[in-house]
Amino acid sequence: MKTGLIDVGGGLRDVFGAGVLDKCMEDGIAFDHCIGVSAGSANISSYLSGQLCRAFKFYYEYSFRKEYMSAENYFKNGSFFDLGYVYGTLSRSDGECPLDYNAYVKNPAAFEVVATDAATCQPRYFQKEDLTPDHYEALMASSAIPVVCRPVVIGGTEYFDGAISDPVPIRRALDAGCDKLVLILTRPTNVQRDSVRDDALAAVLHRTHPMAAHGLRLRAKRYNEAVQWAFQLQEQGKLLILAPDDTAGVDTTKRTKEGLLRLYTKGCMAGAAVRDFLFEA
């Protein structure tokens with residue numbers, strides 16, 4: 001049996017995913033194939049390196065620093081989230097909270113990071129080996145929310161957030177041969193995603209990246225359809241959906257200490273279901 005993990009991200013809401021994966025670490029749960037979108041890719045990198053509570057620290061502590069996210073960043077650099085600070089300054093080997101790259105690369109799990117080609121709006125699936133010591137541009141690309149962040153350039157190509165082109169990459173995991181999938185969502189399953197915010201961002205983005213803007217307008221539809229498919233797979237015993245019952249007031253760029261802790265705790269509690277799902281007879 002080949003097991004798979006998908007963490008769809010969701011900005012600061014994905015502190016829920018950090019909780020799920022910390023619980024998986026505590027329970028000794030390993031997956032064969034992991035796919036991360038946006039903040040989900042960062043969560044999974046810490047999970048693969050075996051660094052318990054590392055991801056949580058970025059949400060609960062570092063996100064309150066202006067260097068991490070602020071209007072000041074946007075006016076100075078054109079990005080509300082300073083991805084260079086998050087995945088560079090903090091995460092490098094000489095940083096305040098370095099990724100244990102040696103442990104990460106020794107983990108036998110496959111890992112894919114979803115980003116979106118800004119010109120074509122096609123998904124790009126960066127592979128585990130595309131992250132090299134102190135070079136985590138793939139994670140930056142996957143997390144580059146259009147308009148909120150500048151595109152990330154890798155090999156001469158501009159990339160935006162992976163959720164634009166493949167917000168819930170179930171098909172990718174099944175094509176990789178996964179028999180059982182754990183899917184981490186960061187909004188309640190009874191709440192459909194609407195396109196109001198995406199449409200507003202797309203109106204701005206259209207001037208410079210028309211294909212990415214078109215993909216952004218379709219994101220809500222793609223997300224909602226994929227979640228419905230996930231429910232069907234769950235009924236068949238092939239997939240486990242883990243999602244919070246509410247987001248504790250946390251959103252993509254909105255947070256309080258209390259809300260983050262509550263949502264993380266919800267993730268830890270939800271993660272307790274993974275073992276039984278993967279190893280049930």
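Which polar atom lies 2.8 Å from the backbone nitrogen of R150? That atom belongs to the side chain of S79. The model is predicted, so local features need pLDDT of at least 70, side-chain atom pairs count only at pLDDT 80 or more, and totals for chains, interfaces and linings use all residues. Residues are numbered from 1 along each chain as its sequence is written, and side-chain values use heavy atoms, with hydrogens and water left out.

Back to S79. This serine sits in the loop between helix 4 (71–77) and helix 5 (83–89); helices here are DSSP runs of H or I with at least four residues, strands are E runs of at least two, and both are numbered from the N terminus. S79 counts as buried, at 11% relative accessibility. Buried means under 20% relative accessible area, exposed means over 50%, and partly exposed is in between (1.4 Å probe, protein chains only). Setting aside residues up to four places away in sequence, S79 touches N73, Y74, V148, C149 and R150, where touching, or contact, means heavy atoms within 4.5 Å.

Beyond neighbours within four places in sequence, E158 is in contact with T116, D117, A118, P151, V152, V153 and H209. With H209, the contact is polar, side chain to side chain, at 2.7 Å. A polar contact is a pair of N or O atoms within 3.5 Å; within protein, one must be able to donate a hydrogen and the other to accept it, and residues adjacent in sequence count only if both atoms are side-chain atoms.

Next comes strand 2 (residues 33–37), where five of five residues are buried. H33, I35 and V37 point one way, while C34 and G36 point the other. Strand 2 runs parallel to strand 1 (residues 3–7), joined by four bridges, and also pairs in the parallel sense with strand 3 (residues 110–117) over five bridges; pairing takes at least two DSSP bridges between the strands. D7 is bridged to G36, and H33 stands opposite A110.

Finally, the largest nonpolar core has 63 residues, and L5, F31, C34, Y47, Y68 and V274 touch the most other members. Such a core is a set of buried Ala, Val, Leu, Ile, Met, Phe, Trp, Tyr and Cys residues joined through side-chain atoms within 4.5 Å.
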